[in-house]
Amino acid sequence: MSDNLLTERMPFFQKQKRRLKINIATPSYGSRYSGNYVRSLYSLLTTANDFDVGFSLSDVDYADVAVSRNYLISHFFYNKQDSDYILMIDDDMGFHSDLIYKMLEFDKDVVGVIAPQRCIDLQKLHSLSGMEFSEAFARSCSFVGKVVDDFGNGFFEVDSCGAGILMISRVCIEKMVEKCPEIVD
C-alpha cells in the first residue's frame, strides 16, 4: 500500500479504542476461489497490521448462496463473538484492499458494493463500440440497487444492494435479532 493511502486511512484507525476484528465470510460451492478473490484477500491480509485490524475467516461449501449467507451470519453471531463486523465476500469477487478500510471508515452498520449482475447486454455493448471499453462494458451491465443519495467519497445511499461484498456490524445484527426475534429459529 502506498504511504499516501496509509496516511489517509490512519486517523480513523488511530482513534479506535481497541483493535477492530472482522470475520471474512465466504460462501462457495465446490470450494472454488477465483484468482481475483485470492489476490484481493492476500492484499487485504498483508495490510492488516498497518491499520491494527484483525481478521478471521469462515466459509461454507454449499450450493444455495442465500442459505450459505444465512449460515455464515448465524456462525458469526454465535461463534465469532469477538468480531465487530462480518465481511461477506463472494468467492469470485476482486477488490483493492483499501476498499475495506474505506468501508470501515465510513462507519455505518451496513456497507456494500454495487457490482454488476452476472449478465451483460451484448447488443448494447456492441452499439457503444466508439466508447472506451471499460465505460461501454459498465453501461452494458445491470446492477443491483439504485442510487438515492450521494454521500461523497465514493459512497452512496441505495435502495438495495447485492451481497457480493457486504460488511455488516455486530451491532446491526444484534438490533435485528432484538427487533425481529422470529428470524432466529
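**A loop serine and onwards**

Guide: Let's start with Ser 31, which is partly exposed, with a relative accessible area of 37%. Keep in mind that this is a predicted model.

Visitor: Okay, and where does Ser 31 sit?

Guide: Ser 31 is in the loop between β1 and α2, the latter spanning 35-46.

Visitor: What does the side chain of Ser 31 make a polar contact with?

Guide: With the side chain of Asp 61, at 3.1 Å.

Visitor: And how many residues apart are Ser 31 and Leu 99?

Guide: They are 68 residues apart in sequence, and their C-alpha atoms are 24 Å apart in space.

Visitor: Another serine, then. Is Ser 97 buried or exposed?

Guide: Ser 97 is buried, because its relative accessibility is 2% and the cut-off for buried is under 20%. Ser 97 lies in helix α5, which covers residues 97-106. The side chain of Ser 97 has a polar contact with the side chain of Ser 43, at 3.3 Å.

Visitor: Switching to the sheet. What's the strand order?

Guide: The order is β2-β1-β3-β9-β4, in an open sheet of five strands with mixed pairing. At the edges are β2 (53-61) and β4 (110-112), each of which pairs on one side only. From one strand to the next, the twist averages 20°.

Visitor: How do β1 and β3 run, and how many bridges join them?

Guide: Strand β1 (residues 20-28) and strand β3 (residues 85-89) run parallel, joined by four bridges. Ile 24 stands opposite Leu 87 in β3.

Visitor: Which strands does α5 touch?

Guide: Helix α5 packs on the sheet and touches β1, β2, β3, β4 and β9 (165-169). The direction of α5 makes about 35° with that of β9. Helix α8 (residues 170-179) packs on the sheet too, touching β3, β4 and β9, and its direction makes about 70° with that of β9.

Visitor: Which residues is Ile 73 in contact with, leaving aside neighbours within four places in sequence?

Guide: Ile 86, Met 88, Ile 168 and Ile 173. Ile 73 itself is partly exposed, with a relative accessible area of 24%.

Visitor: Now the aromatics. How many aromatic pairs does the structure hold?

Guide: The structure holds six aromatic pairs. One of them is Phe 77 with Tyr 78: the ring centres are 5.0 Å apart and the planes stand at 80°, so the pair is edge-to-face.

Visitor: Why quote both a distance and an angle?

Guide: Because a pair of aromatic rings is described by the distance of the centres and the angle of the planes.

Visitor: Which residues form an aromatic cluster?

Guide: Phe 106, Phe 151 and Phe 155 form one.

Visitor: Last topic, charges over rings. What lies over the face of Phe 106?

Guide: Lys 108 does, at 5.7 Å from the ring centre. Over the face of Phe 76 lies Arg 170, at 4.3 Å from the ring centre.

Note on methods
Residues are numbered from 1 along each chain as its sequence is written. Side-chain values use heavy atoms; hydrogens and water are left out. Buried means under 20% relative accessible area, exposed over 50%, partly exposed in between (1.4 Å probe, protein chains only). Contact means heavy atoms within 4.5 Å. Helices (H or I, at least four residues) and strands (E, at least two) are DSSP runs, numbered from the N terminus. A polar contact is a pair of N or O atoms within 3.5 Å; within protein, one must be able to donate a hydrogen and the other to accept it, and residues adjacent in sequence count only if both atoms are side-chain atoms. Two strands pair if DSSP finds at least two bridges between them. Axes are lines fitted to C-alpha atoms, for helices over the stretch in contact, and angles run from 0 to 180 degrees between N-to-C directions. Rings of Phe, Tyr and Trp (its six-membered ring) pair if their centres lie within 6.5 Å; planes under 30 degrees apart count as stacked, over 60 as edge-to-face and the rest as tilted. A charge sits over a ring if NZ of Lys or CZ of Arg is within 6 Å of the ring centre and within 35 degrees of the ring normal.
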